[in-house]
Amino acid sequence: MNFSKISAASIFVSLVVLGTGMTSAVQAQKANMTFFVTSAGKGSGADLGGLEGADAHCLALAKAAGSKNTKWRAYLSTTLPGGDAGVNARDRIGKGPWRNAKGVVVAKSVADLHSARSNINKKTALTEKGEGVSGSGDPVNVHDMLTGSDPAGNFSTAGGDTTCGNWTKSGEGSAIVGHHDRAGLKKDTRHMKSWNSSHGSRGCSQENLKASGGAGLFYCFAAN
């Protein structure tokens, strides 16, 4: 009997079983994922097709990654003309808790998400594929996340265009963005460390979003 061949075969089988187990665990985590950063924008700057188009993009990416959730919402606020009430991002995303593609909890509730306890940062703000997103200090910086929101997750009352025409513009205009890596040029300021409300974009086109450190990416949450 050739024990070396038996041993080698046993090791091979064990590795296959182990690999299958790890793959199943990863798939299970993605299936239970309730938060992610879009791995890609829609390619037309901040023109996302409004809230409906942004939500559909979240759903399509999540479904392709193996998510079982079907009620995905983009973390985006909108405004109405004349100072009328708009839509608050915080009111769109359910109650929580929310987990990334690796099972890490980023927030337990809406209040937790918008507090100092929020666990959204460069290590946890993963795409639907479970991949990290480059940020400040990396060769390519795309840390600007479209939100159109103030720090509390409400639509902005600052005046002017803060949502690129409620996510329908890909030219002139501006949108409030947050930093998924909680960092920026002025590292000690509160705004640079904000995941959802850091500054306005230079414009609404894909080129202008890139120029200020973005790529038209945004956050997606599974609403419950």
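Which residues touch the most other members of the largest nonpolar core? They are Phe36, Trp72, Leu76, Leu146, Trp167 and Phe218, out of 23 residues in that core. One thing to keep in mind as you look around: this is a predicted model.

## The largest core

So where do the residues of this core come from? Helix α2 supplies the largest share, with 5 residues. As a bit of background, nonpolar side chains in soluble globular proteins tend to be buried together.

Leaving aside residues up to four places away in sequence, Trp72 touches Met33, Thr34, Phe35 and Phe36, then Asp55, Cys58, Leu59, Ala62 and Ser67, and finally Cys220, Phe221 and Ala222. Notice that Cys58 and Cys220 are both on that list; they turn up again below.

## The Cys58–Cys220 disulfide

The model has 2 disulfides. A disulfide is a covalent bond between the sulfur atoms of two cysteines. One of them links Cys58 with Cys220, at an S to S distance of 2.0 Å. Its ends sit in helix α2 (residues 50–64) for Cys58 and strand β8 (residues 214–222) for Cys220, so the bond ties together parts that are 162 residues apart in sequence.

How about the geometry? The torsion about the S-S bond of Cys58 and Cys220 is about -75 degrees, so this disulfide is left-handed. As for solvent, Cys58 is buried, at a relative accessible area of 0%, and Cys220 is buried with a relative accessible area of 0% as well.

## The Cys164–Cys204 disulfide

Cys164 and Cys204 make up another disulfide, with their sulfur atoms 2.1 Å apart. Here Cys164 lies in helix α4 (residues 164–167), while Cys204 lies in the loop between β7 (199–200) and α5 (206–211), so the pair ties together parts that are 40 residues apart in sequence.

The link of Cys164 and Cys204 is left-handed, with -95 degrees about the S-S bond. Both Cys164 and Cys204 are buried.

## How the pairs are arranged

Count the bonded cysteines along the chain and the disulfides follow the pattern 1-4, 2-3. In residue terms, Cys58 is joined to Cys220, and Cys164 is joined to Cys204.

How values were computed. Residues numbered from 1 in each chain as written. Predicted model: local features only at pLDDT ≥ 70, side-chain atom pairs only at ≥ 80, totals over all residues. Heavy atoms only, no water. Disulfide = S-S within 2.5 Å. Helix = DSSP H or I, 4+ residues; strand = E, 2+ residues; numbered from the N terminus. Buried < 20%, exposed > 50% of the residue type's maximum accessible area, 1.4 Å probe, protein only. Core = buried A, V, L, I, M, F, W, Y, C linked by side-chain atoms within 4.5 Å. Contact = heavy atoms within 4.5 Å.
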